[in-house]
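Biologist: I have not looked at this one before. Can you walk me through it?

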Amino acid sequence: MASLGMKGLFNLTSREIDSQVTKTSPGNYALGRVSENKFYVYYVGRSDTDLNGRLKDWVDEYDKFRFSYAASPKAAFKKECQNYHDFGETDKLDNKQHPQRPDDSNWKCPVCDIFN
Ligand SMILES: [Zn+2]
């Protein structure tokens, strides 16, 4: 079964984000809701610079989040791609498109050939 490889579950509130995501760092997150004690992933994303700030853009949109820090923006990108494919792409997720890479990068998705 696919794994997010993230910490959590946390409530998606500014206060909880500040108490859990204390480093200014690139990282990954998953947003969703809990039903019958199971966490359902609705959206996966990343920040290349500030995971805490990015998560706050989503307050009120979803109920819960999970997150992990990333060692670099590139590592965050690769993990986001993996999460995106593992959790059903645009068919099942609210994500509208494949994760994007910075315009000046030549990063490749570790799963598909969209950037080849
Ligand atoms: Zn891909």
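Predicted model: local features only at pLDDT ≥ 70, side-chain atom pairs only at ≥ 80, totals over all residues.

Biologist: How many bridges join strand 2 to strand 4?

Modeller: There are 6 bridges between strand 2 (residues 27-35) and strand 4 (residues 64-69), and the two run antiparallel. One of the pairs to look at is Tyr29, whose bridge partner in strand 4 is Phe67. Gly32 stands opposite Lys64 in strand 4.

Biologist: And how many join strand 1 to strand 4?

Modeller: 3 bridges, and these strands also run antiparallel. Here Asn11 stands opposite Lys64.

Biologist: New topic. Which residues in the largest nonpolar core touch the most other members?

Modeller: The core has 19 residues, and Tyr29, Ala30, Leu55 and Phe65 have the most contacts with other members. Two or more residues come from each of strand 2, strand 3, helix 2 (51-56), strand 4 and helix 3. Helix 3 gives the most, with 4 residues.

Biologist: What does Leu55 touch?

Modeller: Leaving out residues up to four places away in sequence, Leu55 touches Ile17, Val21, Tyr29 and Phe65.

Biologist: Where does Glu36 lie?

Modeller: Glu36 is in the loop between strand 2 and strand 3.

Biologist: Is Glu36 buried or exposed, and why?

Modeller: Glu36 counts as exposed because 5 other C-beta atoms lie within 10 Å, and the cut-off for exposed is 12 or fewer.

Biologist: What about Glu89, what is its phi?

Modeller: Phi of Glu89 is near 55°, again positive in a residue other than glycine. Glu89 is placed in helix 4 (residues 89-92).

Biologist: How exposed is Glu89, and why?

Modeller: Glu89 is partly exposed, because it has 15 other C-beta atoms within 10 Å. That class falls between the cut-offs of 12 or fewer for exposed and 20 or more for buried.

Notes: Residues numbered from 1 in each chain as written. Pairing = 2+ DSSP bridges. Core = buried A, V, L, I, M, F, W, Y, C linked by C-beta atoms within 7 Å. Contact = placed C-beta atoms within 7 Å.
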